[in-house]
Amino acid sequence: MEFVGTFWALVPPIVAIVLALITKETYSSLFIGIVVGALLLAQFNPINTLNYVVCGTIGEGDDAMGLGFLNAISDPWNAGIFVFLVILGIMVALVNAAGGSAAFGKWAAAHIKTRVGAQLATFLLGVLIFIDDYFNCLTVGAVMRPVSDSQHISRAKLSYIIDATAAPICMIAPISSWAAAVSATAADLDTGVTGIQLFVQAIPYNFYSLLTIAFVIGLCILQFDYGPMAKAELAAYRDGKLGSLGEEDVLESNKASLLDMLLPVIALIVFCLIGMMYVGGFWDADADGFHSLATSLADTDASVGLPWGSLVALILTFIYLLCRRVINFKDATDCIVNGFKAMVPAMLILTFALTLKLATTALGADAYVAGLMENAAASLYSMLPAIIFLVAVGLAFATGTSWGTFGILIPIVLPIFTNAPELLTVGISACLAGAVCGDHCSPISDTTIMASAGANVNHIEHVSTQLPYALTVAGISFVCFVIAGFVRNWVISLAIGIVLVAVTLIVLKKTIGSKVAREYQEAPENA
């Protein structure tokens with residue numbers, strides 16, 4: 001087909017993203033992107049276009065690929081994530097109805113008395129929950145919403161901190177579902193090291209992830225914002241308009257205590273980790289004994305392990321809260337419906353995004369990008385890491401998937417550096433960093449959607465307020481990869497990157513941030 005493997009493969013996601021940013025409306029923008037992709041695949045045949053939107057198949061035999069909404073929903077991986085979302089929604093509704101959220105909010109209000117403290121506490125919790133990005137987004141959002149609300153922090157800012165400590169943290173954590181995905185991608189390639197060793201070696205050069213951490217800490221300490229985020233923060237601070245989607249009434253109970261919030265969250269973390277280890281075969285004895293933790297996480301299936309663990313945690317939470325008599329049986333069972341309803345917007349957006357990804361994949365976006373990479377490899381060898389970073393950012397932004405991006409690019413990148421092994425680690429790091437960056441920016445990224453759901457904020461507001469921050473770090477990361485391509489020393493490159501982050505934040509605060517600072521000083525805090 002004439003459109004496959006060409007620039008046209010990137011047109012559907014570009015259309016969806018541009019429309020979403022212009023109209024601030026997610027569902028119709030994504031749907032139009034899906035229709036554009038189906039039209040290109042069907043070569044403008046109206047009947048085939050309708051088939052590809054609903055439930056079509058392209059190709060034959062082993063190369064056959066399902067398209068449309070029904071195939072996106074029925075995919076086992078996607079179905080597992082949907083189940084996990086529903087269970088998390090029920091868990092949040094249950095803890096809220098029992099008064100646990102209100103009890104935690106009171107405790108936080110007594111101990112976290114500043115906006116800086118609330119933001120840094122959110123950041124710290126995000127760093128601690130490094131096992132999986134979906135789990136990170138939803139758990140941190142549910143736990144920290146009462147804390148950020150008490151300090152009049154906008155939901156847009158909360159969702160940015162959640163998103164900045166989800167994929168970027170998972171991409172530099174050796175024990176995470178992301179490390180497992182990278183290890184699996186590189187496992188069968190001739191690199192001379194194992195997949196997990198390659199991942200660990202790449203961590204110091206993953207400038208986007210590392211500099212995002214420095215950027216978030218700097219923003220919190222310097223206490224300023226810029227771009228659309230400044231407007232959202234000022235509205236929250238001055239007018240009390242936090243930007244919540246609503247339906248979040250926190251129910252208080254005289255019987256509830258701090259443990260009614262903490263124990264369910266701890267159970268969720270523990271059993272989700274156990275679930276991923278179990279599915280990955282941690283307890284399966286073989287000739288060499290039990291599998292290691294790293295091996296089991298490399299072999300796990302998060303779409304099975306996370307629902308497995310969260311279901312166990314939900315059942316135990318249900319029993320615990322009933323035994324504590326902080327909630328009756330009828331109200332507890334009502335949370336099943338309420339929790340499901342709370343997750344419907346996130347599930348709808350995720351369904352549209354996954355359907356669009358199917359169309360983009362069928363149009364051969366990977367083949368088009370692979371061709372660009374091969375052409376770039378012919379010149380400016382030391383500039384290749386920076387070029388790889390840009391290509392990965394563009395592909396992840398257009399397709400909304402970081403896993404798919406490094407899954408496509410790692411097999412392409414590795415052969416490029418066969419004659420320059422000293423650049424191999426830098427090149428792989430650029431691929432991983434670019435995948436995270438593009439995923440962080442993209443409105444159709446599942447992680448970005450999860451961050452919006454965790455903060456219960458309008459998805460496009462989260463994207464538009466986060467984008468200037470992500471692009472700022474991306475620009476500095478690009479400079480670091482240019483430097484690393486020549487000096488090939490992560491200490492020097494990272495040190496320069498951290499200095500650039502500090503200088504950039506200081507300059508921004510002294511210039512465009514100074515006006516916002518004056519407005520903060522002049523505006524009485526909404527109490």
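Good morning. I begin with Arg155, which forms a salt bridge with Asp149; the closest N and O atoms of this pair are 2.7 Å apart. Please bear in mind that the model is predicted. Arg155 is buried, as its relative accessible area is 1% and the limit for that term is under 20%.

A second salt bridge joins Lys157 to Asp225, with 2.9 Å between the closest N and O atoms. Lys157 belongs to helix 9, whereas Asp225 sits in the loop between helix 13 (207–222) and helix 14 (228–239), so this pair ties together parts that are 68 residues apart in sequence. Lys157 and Asp225 are both buried.

Lys157 also leads us to Ser154. A polar atom of the Ser154 side chain lies 3.1 Å from the backbone nitrogen of Lys157. Where is Ser154 placed? It is in the loop between helix 8 (133–150) and helix 9 (155–164). Ser154 counts as buried because its relative accessibility is 1%. Leaving aside residues up to four places away in sequence, Ser154 touches Ala232, Glu233, Ala236 and Leu242.

For contrast in setting, I turn to helix 18. Here the side chains of Lys330 and Asp334 meet in a salt bridge, at 3.2 Å from N to O. These two residues are 4 apart in helix 18, which means that about one helical turn separates them. Lys330 counts as exposed, at 57% relative accessibility, and Asp334 as partly exposed, at 32%. In total, the count comes to 6 salt bridges.

I now move to the aromatic residues. A pair of aromatic rings is described by the distance of the centres and the angle of the planes. The count of aromatic pairs is 15. In one of them, Phe3 and Trp8, the ring centres are 5.6 Å apart and the planes stand at 75°, so the pair is edge-to-face. Phe3 is buried, with a relative accessible area of 11%, while Trp8 counts as partly exposed at 43%.

Phe318 and Phe329 form another edge-to-face pair, because their planes are at 90°, with the centres 6.1 Å apart. Phe318 lies in helix 17 (residues 302–324) and Phe329 in helix 18 (residues 329–362), so the pair ties together parts 11 residues apart in sequence. At 55% relative accessibility, Phe329 counts as exposed.

Which residues do ring pairs link into a cluster? They are Tyr160, Phe215, Phe224, Tyr226 and Tyr469.

Thank you for your attention.

How values were computed: Residues numbered from 1 in each chain as written. Predicted model: local features only at pLDDT ≥ 70, side-chain atom pairs only at ≥ 80, totals over all residues. Heavy atoms only, no water. Buried < 20%, exposed > 50% of the residue type's maximum accessible area, 1.4 Å probe, protein only. Polar contact = N/O pair within 3.5 Å; in protein donor to acceptor, adjacent residues only side chain to side chain. Contact = heavy atoms within 4.5 Å. Phe/Tyr/Trp six-rings, centres within 6.5 Å; stacked < 30°, edge-to-face > 60°. Salt bridge = Lys/Arg side-chain N within 4 Å of Asp/Glu carboxyl O.
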